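Hi,

Here is the model I promised to pass on.

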Amino acid sequence: MKTDADFSGLDEFLSEAGEEIRKGMIEAAHKGVDYAKKHGEYKNHTHNLRSAPGAAVVMDGEIVDMYVPAEPGHQEARQKTENLLIYGSRPENGIIIADGMEYASHVESKGYDVISGGALHAEAEAQKKFGKN
């Protein structure tokens, strides 16, 4: 007995699903960065820490979106984060949340939220979009 199966349309379905995943990851990443910029718990003396939070969305090892919304006049902070996102280690698929200022981890280690709250927020947003209900 011969059985024929028609899988026409499967490629289109997979492409559309991949695009929805990409859009959802980008939205979660942007919300995480925006959260970090808004809720940072430190004194913003130079405005570099507040300008430096950024994110990259990685799919199949390639950056498909980068978001580093630096404040005007703080291009060095933006550049440092972009360099960290581009040249730092990255997952095959995922979201990277980073702050390129060299002292960001020191400020975090003192108990201030520089970027960790934004990372947790991005994770929560991704869970809302992709997690099991």
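The largest nonpolar core has 18 residues, and Leu49, Ile97 and Val114 touch the most other members. By nonpolar core I mean a set of buried Ala, Val, Leu, Ile, Met, Phe, Trp, Tyr and Cys residues joined through side-chain atoms within 4.5 Å. Two or more residues of this core come from each of α1, β1 (53-59) and α4 (104-109), and α1 gives the most, with 5 residues. There is also a second, separate core of 6 residues, with Ala56, Val58, Val68 and Leu85 included.

Before going on, this is a predicted model, so local features need pLDDT of at least 70 and side-chain atom pairs count only at pLDDT 80 or more, while totals for chains, interfaces and linings use all residues. Residues are numbered from 1 along each chain as its sequence is written, and side-chain values use heavy atoms, with hydrogens and water left out.

Back to Ile97: beyond residues up to four places away in sequence, Ile97 touches Ala29, Val33, Gly54, Ala55, Ile115, Ala119 and Ala122 (contact means heavy atoms within 4.5 Å).

Now the helices (DSSP runs of H or I, at least four residues; strands are runs of E, at least two, and both are numbered from the N terminus). α1 has 30 residues and reaches 43 Å from its first C-alpha to its last, close to the 44 Å expected at 1.5 Å a residue. The expected span is 1.5 Å times one less than the number of residues. Buried in α1 are Gly24, Met25, Ile26, Ala28, Ala29, Gly32, Val33, Ala36 and Lys37 (buried is under 20% relative accessible area, exposed over 50%, partly exposed in between, with a 1.4 Å probe and protein chains only). The buried residues of α1 pack against α2, β1, β2, β3 and α5.

α5 (116-130) has 15 residues that should span 21 Å, and its end C-alpha atoms are 21 Å apart, which agrees. Its buried residues are Gly117, Gly118, Ala122, Glu125 and Ala126, and they pack against α1 (10-39) and β3 (94-99).

- Ser51 sits in helix α2 (48-51) and is buried, at 0% relative accessible area. Leaving aside neighbours within four places in sequence, Ser51 is in contact with Lys37, Val68, Pro69, Ala70, Glu71, His74 and Ala77.
- Ile63 belongs to strand β2 (62-67) and is partly exposed, at 25%. Not counting residues up to four places away, Ile63 touches Ala56, Val57, Val58, Leu85, Ile86 and Arg90. Ile63 and Asn93 are 30 residues apart in sequence and 9.2 Å apart in space, C-alpha to C-alpha.
- Asp60 is in the loop between β1 and β2 and counts as exposed, at 61%. Its phi is near 55 degrees, a positive value in a residue other than glycine.

Last, which residues line the largest pocket? They are Tyr42, Lys43, Asn44, His45, Thr46, Leu49, Tyr103, Val107 and Tyr112. On a 1 Å grid over the protein atoms alone, a pocket is an open set of points where a 1.4 Å probe fits, with protein on both sides within 12 Å along at least five of seven lines; lining residues have an atom within 4 Å of a point. The lining divides into 5 nonpolar, 3 polar and 1 charged (Ala, Val, Leu, Ile, Met, Phe, Trp, Tyr, Cys and Pro count as nonpolar, Asp, Glu, Lys and Arg as charged, and the others, Gly among them, as polar).

Cheers
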